[in-house]
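Biologist: Before we discuss this protein, could you put the sequence and the model side by side, so that I can ask how each label was reached?

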Amino acid sequence: MIRTVAAIAAVVALVAACSSNDDKGTPAPTTAPVSTPAKLPVTKAADGNNLKACTDAVCEVSVKTGSRIPVKASIFGFSTLIVTKVSAKGVDFGAKSSCCSVSATQQQPGKTVRLNKMDITTVTITAPTAILRLKPA
């Protein structure tokens, strides 16, 4: 828990170091933790492995280390959410924009994090795969 709080604090500090707007007037990325009530484990993602179903950030997909989830940069500030690690310790993912990067590490099932205007919930982890649920914030 302390690691997660420290990671979030580091990301918030990084985001604060970025300007509030880039040259094109696009808001800088922000990161904020969001709590989610625990739910019963889900064993199958609603959208399966169809990562393209997440373009509008309304999806539930099965991911593994290296999965690249395409989303609308004009809405979320980045165009690809990248899953950098899926393990029994949690799911790591992040994204880059023109000025900054945002990420979350060791995200556990039932937890939600907000990256810019997107909430990302880790539904289940059955390493080497996990189920993520995305929705606009």
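**Labels and their cut-offs**

Biologist: Why is Cys-99 called partly exposed?

Modeller: Cys-99 has a relative accessibility of 32%, and buried means under 20% relative accessible area, exposed over 50% and partly exposed in between, with a 1.4 Å probe and protein chains only, so Cys-99 counts as partly exposed. Please keep in mind that this is a predicted model, in which local features need pLDDT of at least 70 and side-chain atom pairs count only at pLDDT 80 or more, while totals for chains, interfaces and linings use all residues. Residues are numbered from 1 along each chain as its sequence is written, and side-chain values use heavy atoms, with hydrogens and water left out.

Biologist: How do you know that a disulfide joins Cys-54 to Cys-59?

Modeller: The definition asks for a pair of cysteine sulfur atoms within 2.5 Å, and the S to S distance of Cys-54 and Cys-59 is 2.0 Å, so the pair qualifies. A search of the whole structure finds one disulfide, and both Cys-54 and Cys-59 are buried.

Biologist: What makes that disulfide right-handed?

Modeller: The torsion about the S-S bond of Cys-54 and Cys-59 is about 100°, and the disulfide is therefore right-handed.

Biologist: Why is Leu-51 called buried, and what is it in contact with?

Modeller: Leu-51 has a relative accessible area of 17%, so it is buried. Leu-51 lies in the loop between strand S1 (31-34) and S2, where strands (E, at least two residues) and helices (H or I, at least four) are DSSP runs numbered from the N terminus. Leaving aside neighbours within four places in sequence, Leu-51 is in contact (heavy atoms within 4.5 Å) with residues including Val-61, Val-63, Ile-69 and Pro-70. The C-alpha atoms of Leu-51 and Pro-70 are separated by 7.0 Å, although these residues stand 19 apart along the chain.

Biologist: What makes S8 largely enclosed by the rest of the structure?

Modeller: Eight of the nine residues of S8 are buried, and S8 is therefore largely enclosed. Asp-119, placed in S8, is at 6% relative accessibility and so counts as buried.

Biologist: How do you know that the side chains of Asp-119 and Arg-114 make a polar contact?

Modeller: A polar contact is a pair of N or O atoms within 3.5 Å; within protein, one must be able to donate a hydrogen and the other to accept it, and residues adjacent in sequence count only if both atoms are side-chain atoms. The contact joining the side chains of Asp-119 and Arg-114 is 2.7 Å, and Arg-114 also stands opposite Asp-119 in S8.

Biologist: Why are S7 and S8 called paired?

Modeller: Two strands pair if DSSP finds at least two bridges between them; four bridges join S7 to S8, so the antiparallel strands meet that condition. S7 and S8 form a hairpin with two residues between them, and Asn-116 in the turn has a positive phi of about 55°. S8 also pairs with S9 in the antiparallel sense, over eight bridges.

Biologist: What makes a group of residues a nonpolar core, and which residues have the most contacts inside the largest one?

Modeller: A nonpolar core is a set of buried Ala, Val, Leu, Ile, Met, Phe, Trp, Tyr and Cys residues joined through side-chain atoms within 4.5 Å. The largest has 26 residues, and those with the most contacts inside it are Ile-69, Phe-78, Phe-93, Ile-120, Leu-132 and Leu-134.
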